[in-house]
Amino acid sequence: MTIRKGPSQIIFNIVSYTLLALMSIICVIPFVMILSGSFTDNHTILTEGYSLLPRDFSVEAYKTVFKAPEDILQAYKMTFFYTGLGTFLGLIMITLTAYVISRKEFKYRNTVSFIIYFTSIFGGGTIPWYLMYSQVLNAKGTTFAIWFPALMSPFLVILMRTFIMGSVPDAITESAKIDGAGHVTIFLRIVMPVLGPGLATIGLFLALGYWNDWYRSSMFSTDSSTWELQFYLYDLLNASTAIKQMSQNSSISTAELPTQSVKLAMAVVSTGPVLLFYPFVQKYFVSGITVGAVKG
Amino acid sequence: MKNGKKLLALLLAGSMTLSLAACGSSASTESDKASTDTAATETATTDEAAAEDTASTGLDTSERVDLVFYVMGDAPADETVVEDALNEKLLERLNATIDFQFSTWTDFQQKYSLELTSGGADLIYIANWLNFKQLAKDGAFLELNDLLDNYGQGLKELCGDDMLNACSVNGEIYAVPACWPEYVSSGIKYREDLRAAYDLPVPDSLENVEAYLSGIKENLPNQGLLTSTTEESTGLQVAFDAAWLLNLKYASVTTNGLPYGLNALYETPSDVYDYWFSDDFVEDCKLMKKWADMGFWSRSALSDTNDSEAFTNGLCVMEPQGQNPSKYITSVSTFADAGQGWEAAYLAYGEVNGVIYPGHATQNGTAVVRGSKNPERAIAVLEALMTDAELNKLVQCGIEGTHYTINDEGFYESITDESGSAPFGYENFNTWNLRNTEYKLISKNDALLQDIFNRYTTLGEKTKFPNVDIYSGFAEDFSEYDAERTAVSNVMRQYLAPLQAGLVADVDAAVEEFRTKATEAGLEKVREGFKAQWIAYCDEYGYK
Amino acid sequence: MKKEMKKEKKGSFLDVLSDDYKGKKLGIWIGFIISILNIVMFLPFIKWVGIVNADALYSKIRTSSANIEILRSGYNAFDLLHFVQYSGFGAIGLPAMLLLLFAVATLYFQIANVVKVLRNSKGRKGNLALYSAGEGAMGFEVALTLSMIAYVAFSNARFEMKGFSLSPVVIIALIISFVGLVAVKIPQSKERAFYHDNGLLKEIRKNWVLFLMLVPTFFYFLINNYLPMAGIYYAFTNFNFRDGLWASPFVGFANFEYLVKAQLWMLTRNTVLYNIVFIFLGNALQIIFAIFVSQVAVKWYKKTTQTLMFMPYFVSYVILKVIVYNIFEYQYGVINTFVVALGGNRIDFYNTPSYWPFLITFFAIWKGIGYGMVVYLATIMGIDAELYDAAKVDGANVFQQIRFITLPQLKPTFIILLLYALGGIMKGQFELFYQMVGNNGVLYNVTDILDTYVYRVAMTQPTSIGLGTAAGLYQSVFGFILIVGTNWIVKRRNEEYALF
């Protein structure tokens, strides 16, 4: 970086810094609107629309969201549990699989890749999948049914394979093999150390997948103490839509429906922690790793 | 060689899939067969056993049975407290327990049919908005005729034959309805304070609606009038919410008339006529265009996102779609709480066009799931829950003193905790299907509602078919023409919605285009199929 | 030849199979002849399954007398489903369907074997390719005939009577294919030993660690994906609760009818075009911004922009829809308020279809940029820093570094992501389209994709399971053909870049 800044570098920097700033602004504006909306009085949002700064400042929406703090804390706890366990196990399984199918000496690597990839194109739909977990494995109501189905995805396996093939040249593993290293040694000593960015990416994607999921709670939870956070919030939103759908069926006492500002507050509450977590992963995307260091 | 290997790999994977699928499926086929078979034999044996039982001892309660009752919505905070209280009594009486399972409001329709497919529950909530008749036709529920005869005499007495027959398909009873007559008549909810302030007419005809809305627009140019969109109108009758107002003009057999652009008047239900190809239709579309041009709703109305909050927050002054007396009562109390001097008023379409009747029996009901292993006990428990005063109050309102009190005026009042939410509110198990007029605890709002109902009952008695919802008993079987039906529904979205929202430049041309597209989509076939069934239905029940 | 072989039981004779005859091993020729015999047995007029006790059988099924006449004649390897369809007896539908697929695959292998032997396609490793072809052909035929026997037994069990009989053809095919399998296997193992090529078992013994690493993955995909895949069968049935999921009547392609009735061409075109734009434009922008971020030297700027660009990922479409409506509404929308203030005419976004492809594309790319960027950023971070140092020493400027180091290093990742996305080209982003457009039929011509259409259909026919499955199958088959084709082309050019 310190060598010298030629004119091309300067031009490049001007262009890239400007575009980055522009893009960041475009990307962040709706989020700011949501944030300010969550602090605005509900009536004001409806009559005057969204704004970048809260107009009629109010924390009413957050009071509503945190009305039952123990419930929301429980949902947070469960989500951390699912995310932690799922990401950990998933990362191990994905990395192992990706390692195997990236090995040239593994004769069936294409077959295995295909078997994995095939699942991303063909699927039997929700019903047999649901029956598999609820009837065959008898897992309805357990936490297993919530973390297990998202452990792996063909996309992440294939992405990981690309990372491994890109960051570990064949020559290195070949020479290690000649030195008598087994697969376990190669995997742990040679592949893992240079896989930082790859692990961070896949781990991030897995974690985001777990964090954002509500569907599996919706399908398999029978008790609200096992709900994922997103489902806890999402279900509150759905209550209002659903009750509208049954409008013809009258005399249904409706609980208070979440107002627009409450919906926004929920969005903030559910994404906030991820945004705080992101910088920890970020260090893998900020500074590179030199493969050369391992070679020596 | 490469090529061959790839193909081999491909087919290997394919065959593996096949074989895997084969073992998986054969396993599930087996188990499925087993379960359907046992279900079948069980019904058979229970029928026989039942016949013997009633002759001698009645229900066999020697073995404890744990039943699952699938209901809609979310669980109350005090679910287990009330369940325990219930089970204590049920164990004593019927040696059975009950566990309420909740669909939650997320994807509830999908989960409801999954629940029926996998057969995990014994008792299940049913309603016409959950496609009760179609599901019953497809065999999702157990036939109850014999079960009720043997174990549910009390239920039969409570509901009466008419109500039970209304829940039957092809002569088989499939559900036990709630027994609390209520009116769900559609109507217009509007702002009464504004009407009074500017001395505008009550919107009881299309002219008066126009006068009311334009009057407000003159006085308050920035006030939103209608936040109509397509949300309540995704069926096959109308395609835009404001078109519900046409109920002021036509006394149709049901709100918004028959589907597929057909209609029949309440006075002559079996006399089906064509609406979409009539001059009335063109005239109505022109009226809608006139209103759209007068700015009654946004030009972006078809994508409008304003939800039910619009009226409450004063963004619109009238809601002509999906309203009913109960929603009106809710608005009244919301406005009273807000204290801005706003007032709501309600006008049922039936008060204008003279077609008014209480909700159909299939509005709220209970059925036994086909896969249930203990249908006799399920019916017995249902009978206990509905006909026993103590149990009925317990399941509907919780424990007296803990969850609710009866105040001095004799009205129900729920007890809330310090955070302001009730651990077990009114009908908090969402068991609207267990309502029993005799034991139903009345809140203040219910009393207001009852006044309206009483008024409607008097009106309803004057109609040709006094206080009978003749349309909702009809279950359309569209399997013969479902592809065409789908295509027609698509054409409605694409061509009828902009017409009824008045967003087209030339109404006559747009009507022509809509008619052509609908015909191309197979409208004729759909209509013929529907008409034949509808007329047969009218004949069967004597609705001439 | 066959008879001779069967009579001869001495081990020494089996060696004969490895002898050359007209330039090929005898075993290969045997497999070749059996494949031809097998193909003959697949001919439509040769019945594999007969109907016995016909009248008793038909009393058990619900069908019209006209159909019964069609059903009487017995079945070849491919038309068992006819029975299922006309009889309305769905319980044997799924096995029959699997048998059909199996039979088609087997026929393919027989033909492939014959063609390969005739073309004498030898590869790097001698005759091994021919042996694999023979092995596949014989193996599949054996498995097919065995399944057929099991199917007949299963059907009889389901009907609780003897209604189906097995034709001797099946037994003959089983026996000769088994013989063929042996005849191919013996010389194959010799040639394998010669070329140090391993069979599956040997391979497992040698690389057991690798196989062990795959065990959890195998179970995961088996449970989560492959077993539930049986549900594809629902696309061909008309579900009802009485018969249950696996025994509902088989209706053939009736569930696909509504797709054909729809403007299938328009839906396919919209779905594919949107996806192509999303894939290419999206990835291009992700690459560009990943390079920008990677080149930023100021750490806080680098981190902040990266985080901010990730934010749209967290904005749910439900909320976005409300914001978008606030911006584009006709009367009070932000843009129109602005336009009117400038003295212009209001823009009627929600009734003008031509704006929407751009708006939808914008929001799709906007939402995915931060998420997609991470992959490229990670790849850039994985590039050996020595490469850049060397380039700098050689005096390469930043543009040259990007052109000659970064972009080539990103190429494999890009190609893999591209290939992966192609498989899903018929699957649209439902949430995006549904929330942005909703029920606004005016815009459908340019915004309706297969997924939104299917959703609306499902709404009008809530109890139908087959419709959605049928649409999903259409999407899958379309994507599958596309991906297998593309992958084949890519693999011919560079094996490293192929998906499988």
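Reply: One definition before we start. Helices are DSSP runs of H or I with at least four residues, numbered from the N terminus. In that numbering, C:Phe218 lies in helix α11 of chain C. Note that the model is predicted.

Me: Is C:Phe218 buried, partly exposed or exposed?

Reply: Buried needs under 20% relative accessible area, and exposed needs over 50%. C:Phe218 has a relative accessible area of 40%. That value falls in between, so C:Phe218 is partly exposed.

Me: Which element gives the most to the nonpolar patch?

Reply: The patch covers about 800 Å², and C:Phe218 is one of its residues, with C:Leu200, C:Trp208 and C:Phe219 also among them. Two elements of chain C give two or more residues to the patch: α10 (200-206) and α11 (208-226). With five residues, the top contributor is α11(C).

Me: How far apart are the centres of domain 1 and domain 2 of chain C?

Reply: Domain 1 of chain C runs over 2-197, and domain 2 over 258-497. Taken over C-alpha atoms, their centres are separated by 47 Å.

Me: Turn to chain B. Which residue of β2(B) is the bridge partner of B:Phe69?

Reply: Strand β1 of chain B spans residues 65-71, and six of its seven residues are buried. β1(B) pairs in the parallel sense with strand β2 (residues 96-102) over seven bridges. In β2(B), the partner of B:Phe69 is B:Phe100.

Me: And which residue of β3(B) does B:Phe69 stand opposite?

Reply: Strand β3 of chain B covers residues 123-126. Its pairing with β1(B) is parallel, over two bridges. There, B:Phe69 stands opposite B:Leu123.

Me: Now the aromatic rings. How many aromatic pairs are there over all chains?

Reply: Rings of Phe, Tyr and Trp pair if their centres lie within 6.5 Å. By this rule, the count over all chains is 109.

Me: What class of pair do A:Tyr99 and A:Phe187 make?

Reply: The ring centres of A:Tyr99 and A:Phe187 are 5.2 Å apart, with the planes at 65 degrees. The pair links distant parts of the chain, 88 residues apart: A:Tyr99 in helix α4 of chain A and A:Phe187 in helix α10 of chain A. A:Tyr99 is buried at 0% relative accessibility, and A:Phe187 is buried at 8%. Planes over 60 degrees apart set the class, so the pair is edge-to-face.

Me: What class do B:Phe474 and B:Tyr537 fall into?

Reply: B:Phe474 is in the loop between α15 (444-461) and α16 (482-500) of chain B, while B:Tyr537 is in helix α18 of chain B, 63 residues apart. B:Phe474 counts as buried at 10% relative accessibility, and B:Tyr537 is buried at 7%. The centres are 5.3 Å apart, with 55 degrees between the planes. Stacked needs under 30 degrees and edge-to-face over 60, so the pair is tilted.

Me: Which residues of chain C are in the aromatic cluster with A:Trp129?

Reply: The cluster includes A:Trp129, A:Tyr130, A:Trp147 and A:Trp214. From chain C come C:Tyr220 and C:Phe221.

Me: Last one. How far apart in space are B:Phe335 and B:Asn313?

Reply: B:Phe335 is placed in helix α11 (residues 325-338) of chain B. At 4% relative accessibility, B:Phe335 counts as buried. B:Asn313 is 22 residues away in sequence. C-alpha to C-alpha, B:Phe335 and B:Asn313 are apart by 9.2 Å.

Note on methods. Residues are numbered from 1 along each chain as its sequence is written. Chains are lettered from A and ligands numbered from 1 in the order in which they are written. This is a predicted model: local features need pLDDT of at least 70, side-chain atom pairs count only at pLDDT 80 or more; totals for chains, interfaces and linings use all residues. Side-chain values use heavy atoms; hydrogens and water are left out. Buried means under 20% relative accessible area, exposed over 50%, partly exposed in between (1.4 Å probe, protein chains only). Two strands pair if DSSP finds at least two bridges between them. Domain bounds come from an automatic or database domain assignment. Patches are made of residues with over 30% relative accessible area and no salt bridge: like charges are joined within 9 Å, nonpolar side chains (Val, Leu, Ile, Met, Phe, Trp, Tyr) within 5 Å. Accessible areas come from the Shrake-Rupley method with a 1.4 Å probe; for residues, only the protein chains shown count as cover. A salt bridge is a side-chain nitrogen of Lys or Arg within 4 Å of a carboxyl oxygen of Asp or Glu. Rings of Phe, Tyr and Trp (its six-membered ring) pair if their centres lie within 6.5 Å; planes under 30 degrees apart count as stacked, over 60 as edge-to-face and the rest as tilted.
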